Amino acid sequence: MTTTAIRVEDVWKQYSVGLDRSAVTMYDAVSEWLRAPLQRIRRLTGQGGDAEFFWALREVGFEVREGETVGVIGRNGAGKSTLLKILSRITAPTRGRITLHGRVASLLEVGTGFHPELSGRENIFLNGAILGMTRREVARKFDEIVAFAGVEKFIDTPVKRYSSGMYVRLAFAVAAHLETDILVVDEVLAVGDAAFQRKSLSKMGDVAKRGRTVFFVSHNLGAIRNLCSRALLFEEGRLGFDGDVGEGVARYERSFAAAGSAIETTQFRGPLAQHVRFDSLICRQDGQVVEIIDPLAPLEIELRGFASESFPSLDLKLGFFRDGVHLGSCHDTPDEAPLHAGEFVSRLVIPADVFRPGRYSIGIGAVAGIGTWVWGSDVAALDFSENRGGRSDERTEGLLAIPYRGERIQ
Amino acid sequence: MTSAQQLTIIEPPRGWRPLDWRELWEYRELLWVLTTRDVKVRYKQTVLGGAWAIIRPVLTMVIFTVIFGKFARMPSDGYPYPIFLYAALLPWTFFSGAISASAHSLVGAGALVSKVYFPRLIIPLSSMGSALADLIVSTGVLLLMMLWYGVGWSPRLLAALPLLAGMMILALGIGTLLSAITVTYRDFTHITPFMVQIWLYATPVVFPLSVVPERWRWLIYLNPMTGFVEGFRSAFLDKPFALVPLAVSFVIAVVLLAFGVAYFERVERRFADII
């Protein structure tokens with residue numbers, strides 16, 4: 001007989017827009033009070049307009065049976081992480097009720113609470129306690145954890161001296177050895193090099209096979225297909241699909257291919273902002289639409305938009321930024337070329353192994369001559385997965401993989 | 001599988017709720033681990049290490065002795081000014097260190113709070129550890145000073161333990177309250193240090209209670225630190241205890257702790273959303 005492990009009944013979660021609101025200074029709170037006491041009272045008593053809030057989750061309900069492995073998929077902002085945070089009791093639902101049968105451990109980040117000054121050994125015990133393991137449990141698994149992470153030689157070195165690869169391996173190893181009835185995991189498997197990722201995935205598979213209930217969020221659709229039997233697809237805060245994993249993933253891929261990455265028209269400025277509109281940005285690899293990009297495969301970017309009039313010469317431009325640094329731009333034509341009124345589609349192809357793992361911000365614009373332009377910064381983001389092709393951290397440092405040939409002359 | 005089936009129900013928060021003692025007890029290991037982490041890390045990568053726990057209060061004592069003992073000629077109830085001061089400076093240093101640390105503790109543990117569940121009360125609780133460790137070390141200096149000046153070393157010394165317990169209750173109450181308020185209003189990261197500084201001069205640390213005019217005594221008794229600081233002085237300098245301010249201090253401490261914890265529990269479910 002199978003029993004229920006997780007029951008979620010009609011769960012809603014509301015956030016106020018611009019969360020900074022509540023974290024503002026007291027000066028703001030007081031001056032706002034003075035300026036608009038009525039509004040403030042209305043908000044405090046919960047009668048304020050809906051405009052200031054948005055629902056991150058709406059009427060979400062499902063049940064998970066003991067021993068099931070459920071994959072949660074959906075676009076960024078669809079509510080996956082909010083659901084995990086509620087299941088992990090980090091934040092409370094606004095409405096609804098969740099019942100969990102059994103001991104729950106959640107893993108939303110690797111290395112939470114790691115202290116750089118403490119040794120690997122001390123951090124294992126610290127992190128274990130934070131994740132809810134008893135000292136005895138950690139002590140029993142200690143050797144296994146150290147071996148899994150492969151840091152035997154450095155176990156008494158402060159972790160601030162670890163390479164970033166060693167650090168995440170150790171952090172993941174602790175979490176991978178949690179023994180609970182229900183395991184809630186966010187996108188944490190995307191750490192370390194390819195070999196370690198495979199090891200982590202097979203470890204997760206073991207956990208699932210041992211009859212534990214696993215609740216797993218990932219953008220890695222391959223991992224979801226391999227590990228899970230069932231998929232929950234979230235669309236704008238609602239549960240859009242609940243069923244067979246193959247069907248769920250296929251549906252997600254279809255919805256993604258249709259929409260691409262929507263671009264908001266309000267983010268653009270410049271004299272041309274009224275005349276040229278950018279609608280979507282779609283990334284493809286091997287002909288498949290992707291959300292997470294493999295840095296070691298060529299990338300095709302398709303940009304779609306609409307021009308309300310024709311231009312004798314216009315240049316469409318895509319800029320890549322990371323941490324505020326402008327890394328470079330690509331143009332859709334080698335020289336300025338005419339653009340006809342109506343819909344336009346441009347394609348850029350970027351060879352394999354140019355970008356490093358991580359998130360790059362995208363700016364999009366067009367120039368039709370001096371002083372005639374439109375530009376939107378930060379209108380989309382590209383996420384490159386942690387695929388380092390087996391190379392070590394030191395060999396994949398920096399923002400770009402510079403194409404080069406190196407040789408030792410003497 | 002491992003444990004007997006445990007049932008957890010997650011629902012929207014509903015106003016004031018009682019503290020879950022059982023849960024807090026289940027997380028005692030985390031409390032211990034976080035406390036020892038803070039203590040271990042406190043003097044890492046310092047040349048003098050734990051000696052700072054002695055140097056800081058001793059230096060403060062020297063400075064205050066010069067300013068208040070020599071220049072201002074502050075009376076000290078017939079005791080040598082340095083030991084008169086140090087006996088009160090110790091509990092004060094503990095108290096101010098503990099509330100400063102816990103006021104900032106939740107904000108400082110933002111990453112933890114937004115990624116892992118545990119009773120949030122653990123955070124301000126564990127932040128007291130460092131102040132307590134420093135207190136124990138610097139008490140050693142005081143015991144030596146007492147030998148040097150030939151005062152104290154009487155059975156009254158035993159009273160220091162219940163006094164410390166009372167002061168910890170007070171520090172916990174104020175610390176949990178401040179930590180929860182600081183999450184919402186970061187202004188308190190700036191307000192707290194001033195509050196602590198003003199509080200020092202509103203407490204008979206650098207001056208004896210006897211310089212306060214009789215008709216204002218009730219006011220200074222309302223400061224819960226008055227009773228504890230005077231109590232420590234009595235314990236270390238072997239003089240009779242003033243029972244009224246002590247009783248007042250204990251009552252205020254317990255009330256503040258109850259209020260601090262209740263307020264904390266009321267707002268704790270919001271922390272992860274705004275931290």
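A residue counts as buried if 20 or more other C-beta atoms lie within 10 Å of its own. The legends below use that word for a predicted model.

**Figure 1. Chain B is built from 13 helices and 1 strand.** Buried residues make up 42% of its 275 residues. The C-alpha trace of chain B spans about 65 × 45 × 35 Å along its principal axes. A compact globule of 275 residues would have a radius of gyration near 19 Å, and chain B agrees with 20 Å. Now take the contacts between residues at least 6 apart in sequence. In chain B, 81% of these join residues at least 24 apart.

**Figure 2. Helix 12 of chain B runs from residue 243 to residue 267.** The helix has 25 residues. From first C-alpha to last it reaches 36 Å, close to the 36 Å expected at 1.5 Å a residue. Which residues of helix 12 are buried? They are P245(B), L246(B), S249(B), F250(B), I252(B), A253(B), L256(B), L257(B), G260(B), F264(B) and E265(B). An α-helix has 3.6 residues a turn, so residues three or four places apart point the same way. Keep that in mind when following the list along the helix. The buried residues of helix 12 pack against helix 8 (160-184), helix 10 (217-221) and helix 11 (224-237) of chain B.

**Figure 3. Y81(B) lies in helix 4 of chain B.** Helix 4 covers residues 81-108. Is Y81(B) buried or partly exposed? Y81(B) has 19 C-beta neighbours inside 10 Å, so it counts as partly exposed; the cut-off for buried is 20 or more. Leaving out residues up to four places away in sequence, Y81(B) touches T65(B), G69(B), M74(B) and S76(B). Look at G69(B). It is 12 residues from Y81(B) in sequence, and their C-alpha atoms are 6.0 Å apart in space.

**Figure 4. An open sheet in chain A holds 6 strands.** Their order is 5-6-7-3-8-9, and the pairing is mixed. Strand 5 (104-107) and strand 9 (238-244) of chain A stand at the edges. Each has a single partner strand, so one side of each is left without a neighbour in the sheet. The twist averages 15° from one strand to the next. Strand 8 (residues 230-235) and strand 9 of chain A pair in the antiparallel sense over 6 bridges. Here the bridge partner of E235(A) is R238(A), in strand 9.

**Figure 5. Strand 11 of chain A pairs with strand 12 and with strand 14.** Strand 11 covers residues 276-285, and strand 14 covers residues 299-307. These two pair in the antiparallel sense over 8 bridges. F278(A) stands opposite G305(A) in strand 14. Strand 12 (residues 288-289) also pairs with strand 11 in the antiparallel sense, over 2 bridges. In that pair, Q285(A) stands opposite Q288(A). Strands 11 and 12 of chain A form a hairpin with 2 residues between them. D286(A), in the turn, has a positive phi of about 55°.

**Figure 6. Confidence in chain A has a mean pLDDT of 82.** In this chain, 86% of residues reach 70 or more. Over residues 18-24 of chain A the pLDDT is below 50. Beyond near neighbours in sequence, that stretch has 10 contacts in the model. Residues 46-51 of chain A are also below 50, with 3 such contacts. Where pLDDT is low, the predicted coordinates should not be read in detail.

Terms used. Residues are numbered from 1 along each chain as its sequence is written. Chains are lettered from A and ligands numbered from 1 in the order in which they are written. This is a predicted model: local features need pLDDT of at least 70, side-chain atom pairs count only at pLDDT 80 or more; totals for chains, interfaces and linings use all residues. Helices (H or I, at least four residues) and strands (E, at least two) are DSSP runs, numbered from the N terminus. The expected span of a helix is 1.5 Å times one less than its number of residues. A residue is buried if 20 or more other C-beta atoms lie within 10 Å of its own, exposed if 12 or fewer, and partly exposed in between; C-beta atoms are placed from the backbone. Two residues are in contact if their C-beta atoms, placed from the backbone, lie within 7 Å. Two strands pair if DSSP finds at least two bridges between them. The radius of gyration is taken over C-alpha atoms; the globule rule is 2.2 Å times the number of residues to the power 0.38. pLDDT is the predictor's confidence in each residue, from 0 to 100. Axes are lines fitted to C-alpha atoms, for helices over the stretch in contact, and angles run from 0 to 180 degrees between N-to-C directions.
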